[in-house]
Amino acid sequence: MSTSPTNPGAAPAIVITGASAGIGRALACEFAKRGWRLGLAARRLDALEALRDELHSQPASRATQIELLQLDVDDEDTVAPRLTTLFDALGSVEVVVVNAGINALSSVGRGELDTERRILRTNLLGAIATVDAAAALFMPQRRGHIVAIASVAAKVAVPRQAAYCASKAGLAQYMNSARIELSRHGVTVGTLLPGFVVTDIMPNIGKYPFAIPADVAARDMARAIIRRQRTAFIPAFPWRWVHPLLNLLPPSLWRRLG
Ligand SMILES: NC(=O)c1ccc[n+]([C@@H]2O[C@H](COP(=O)([O-])OP(=O)(O)OC[C@H]3O[C@@H](n4cnc5c(N)ncnc54)[C@H](OP(=O)(O)O)[C@@H]3O)[C@@H](O)[C@H]2O)c1
């Protein structure tokens, strides 16, 4: 394990939003295993506390610094000041993972704007607020890596997921612009595109094609994050090769897939 370049002697630190469950939680466990210090954010503080207790009960992460932050990214104006307190508590931070997100089915032409607004607010505006806050904290240090958890849905149009696809495509493209802007400040930007990962985000997600457990996804993601990959499908096989084909499926086949 390397040490923090901005805090010599200390282990590197990673901040993860949406760390109370699913992929964020699995990423926290994976980076704890690798000896990183953790800044964990989500709305459910009790779930974060339970995760911290679990990690501190394991010999490998007994002494790991773990700072917690109650954060609702839908409350966009609070994101920057709250993230600043987490950075202050950690002393130095190398990576911010913008992971907090939701999903729900919605149909076009059925007036389901409330659902669609909720998805766009958390996955796009909340994520942008987090990227913006992280960039502002990293730029003066001329270092840092910001990673967004987008989705294969950023690249593939899926029926009954129009708002979700739009939120993830919007986020992926926001990251592409951010990458260009932030490069002259020494800050790097990555976008991860998971396929199906077994979490509570959607019922029965384990039955979807090529679904993988969250800890397996977290291992792949950690590798891409540490290598500072610009973009990575998770897992690379089959999504990197299959996603262009999915965009060629005729509507009748999508309807049959249900
Ligand atoms: N699972 C998949 O197949 C899959 C595939 C592609 C992309 N993704 C993306 O991966 C990310 C994580 O998803 P997941 O599958 O791990 O879902 P999950 O198990 O439902 O976890 C979502 C996490 O986001 C947090 N969150 C939700 N709304 C939030 C808000 N307003 N403010 C702060 N935190 C919030 C939740 O914590 P609290 O409820 O405690 O706030 C929870 O920790 C999402 O962005 C999702 O779109 C997932």
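Before we start, two housekeeping points. What you see is a predicted model, where local features need pLDDT of at least 70 and side-chain atom pairs count only at pLDDT 80 or more, while totals for chains, interfaces and linings use all residues. Residues are numbered from 1 along each chain as its sequence is written. As for the labels, helices (H or I, at least four residues) and strands (E, at least two) are DSSP runs, numbered from the N terminus.

Let's begin with the sheet. Seven strands form an open sheet in the order β3-β2-β1-β4-β5-β6-β9, with parallel pairing; two strands pair if DSSP finds at least two bridges between them. At the edges you'll find β3 (66-70) and β9 (231-234), each of which pairs on one side only. On average, neighbouring strands of this sheet are turned by 15° against each other, direction ignored. Angles here run from 0 to 180 degrees between N-to-C directions, and axes are lines fitted to C-alpha atoms, for helices over the stretch in contact.

Now for the helices. Helix α3 (residues 76-90) lies across β1 (13-17), β2 (37-42) and β3, and runs at about 170° to β3.

What does α3 pack against? Its partner is α4, at an angle of about 40° and with the axes 9 Å apart. The two are therefore oblique to each other, given that angles under 35 degrees count as roughly parallel, over 145 as roughly antiparallel, 65 to 115 as roughly perpendicular and the rest as oblique. Their crossing is right-handed: a crossing gets that name if the near helix is turned clockwise from the far one by less than a right angle, and left-handed if anticlockwise. On the α3 side, the contact includes V79, L83 and F87, and on the α4 side it includes L125, A129 and A133. Two residues are in contact if their C-beta atoms, placed from the backbone, lie within 7 Å. By class, this contact has ten nonpolar, three polar and one charged residues. Here Ala, Val, Leu, Ile, Met, Phe, Trp, Tyr, Cys and Pro count as nonpolar, Asp, Glu, Lys and Arg as charged, and the others, Gly among them, as polar.

Helix α4 also packs against α5 (residues 162-183), at an angle of about 15° and with the axes 9 Å apart. That makes α4 roughly parallel to α5, and α4 passes α5 in a right-handed crossing. Among the residues that meet here are I119, L120 and L124 in α4, and Y164, L171 and Y174 in α5. This contact has 14 nonpolar, four polar and two charged residues.

Next, look at α1 and α6 (residues 214-226), whose axes come within 8 Å and cross at roughly 60°. That makes α1 oblique to α6, and α1 passes α6 in a right-handed crossing. The contact includes I23, L27 and F31 of α1, with A217, M221 and A222 of α6. Its residues divide into ten nonpolar, one polar and three charged.

Now turn to the ligand. Which residues come nearest to the ligand? Of the 32 residues around it, those are G18, G22, R43, R44 and G101; a residue is near a molecule or strand if its C-beta atom, placed from the backbone, lies within 6 Å of it. The elements that give two or more residues to this shell are α1 (22-33) and α4 (113-138). The largest share, three residues, comes from α1. The shell as a whole divides into 15 nonpolar, twelve polar and five charged residues.

Most residues other than glycine have a negative phi, and most peptide bonds are trans. The peptide bond from I234 to P235, however, is cis, with omega near -10°, and P235 lies in the loop between β9 and α7 (236-246). The bond from F237 to P238 is cis as well, with omega near 15°, and P238 sits in helix α7. As for phi, N204 has a positive value of about 60° although it is not a glycine. You'll find N204 in the loop between β7 (197-198) and β8 (212-213).
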